[in-house]
Amino acid sequence: MNRDSSNSATTSWARTLGACVVGSGAVLAAVAGLSTGFAMLVTVRAAQGFVAAAFAPVALAYAVEALPLARRALGLAAISCGFLLAGIAGQAFALWGNAA
């Protein structure tokens, strides 16, 4: 499948933005772990929430640009299903961890 230069540039932009989102989330997680007070922890966790909220749209935008048209619907469904199952599994794991 031939890709034009604008599609390639958009994919590169989405990939770069995705790397920035993941990288800043990792840095914020380290800062949260090293926080020295409650106010600092709350501030960093709020920033983590902001960054995490940006991850799903970036991932979906990248998938739209990276996947061929014939596979696009399946790819977007798989990513969305993964986000949903991660939320459900996280809640189940938290409940199981609190019960033990």
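Buried residues account for 15% of the 100 residues in the protein, where buried means under 20% relative accessible area, exposed means over 50%, and partly exposed lies in between (1.4 Å probe, protein chains only). The model is predicted: local features need pLDDT of at least 70, side-chain atom pairs count only at pLDDT 80 or more, and totals for chains, interfaces and linings use all residues. Residues are numbered from 1 along each chain as its sequence is written, and side-chain values use heavy atoms, with hydrogens and water left out.

**Fold and confidence**

The protein has three helices and zero strands, so defined as DSSP runs numbered from the N terminus (helices: H or I, at least four residues; strands: E, at least two). The order of elements from the N terminus is α-α-α. Of the contacts with a separation of 6 or more, 54% join residues 24 or more positions apart; a contact means heavy atoms within 4.5 Å.

The mean pLDDT (the predictor's confidence in each residue, from 0 to 100) is 84 for the protein, and 87% of the residues reach 70 or more. Where pLDDT is low, the predicted coordinates should not be read in detail.

Glutamine 48 lies in helix H2 (residues 38-66). Glutamine 48 counts as buried because its relative accessibility is 16%. Its side chain makes a polar contact with the side chain of arginine 45 at 2.6 Å. A polar contact is a pair of N or O atoms within 3.5 Å; within protein, one must be able to donate a hydrogen and the other to accept it, and residues adjacent in sequence count only if both atoms are side-chain atoms. Leaving aside neighbours within four places in sequence, glutamine 48 is in contact with Gly25, Leu28, Ala29 and Ala32.

Alanine 63 is also placed in helix H2. With a relative accessible area of 5%, alanine 63 is buried. Apart from neighbours within four places in sequence, alanine 63 is in contact with Leu76 and Ile79.

**Partly exposed positions and surface**

Cysteine 20 is found in helix H1 and counts as partly exposed at 48% relative accessibility. Serine 12 also has its place in helix H1, and its 41% relative accessibility makes it partly exposed. Phenylalanine 83, in helix H3, counts as partly exposed at 33%.

Val22, Phe55 and Phe83 form a nonpolar patch on the surface, with about 250 Å² of accessible area together. The protein exposes about 7,000 Å², of which carbon and sulfur atoms supply 73%. Accessible areas come from the Shrake-Rupley method with a 1.4 Å probe, and for residues only the protein chains shown count as cover. Patches are made of residues with over 30% relative accessible area and no salt bridge; like charges are joined within 9 Å, and nonpolar side chains (Val, Leu, Ile, Met, Phe, Trp, Tyr) within 5 Å. A salt bridge is a side-chain nitrogen of Lys or Arg within 4 Å of a carboxyl oxygen of Asp or Glu.

**C-alpha separations**

| Pair | Separation in sequence | C-alpha to C-alpha distance |
|---|---|---|
| Cysteine 20 and phenylalanine 55 | 35 residues | 9.8 Å |
| Alanine 63 and glycine 75 | twelve residues | 7.0 Å |
| Serine 12 and tyrosine 62 | 50 residues | 8.8 Å |
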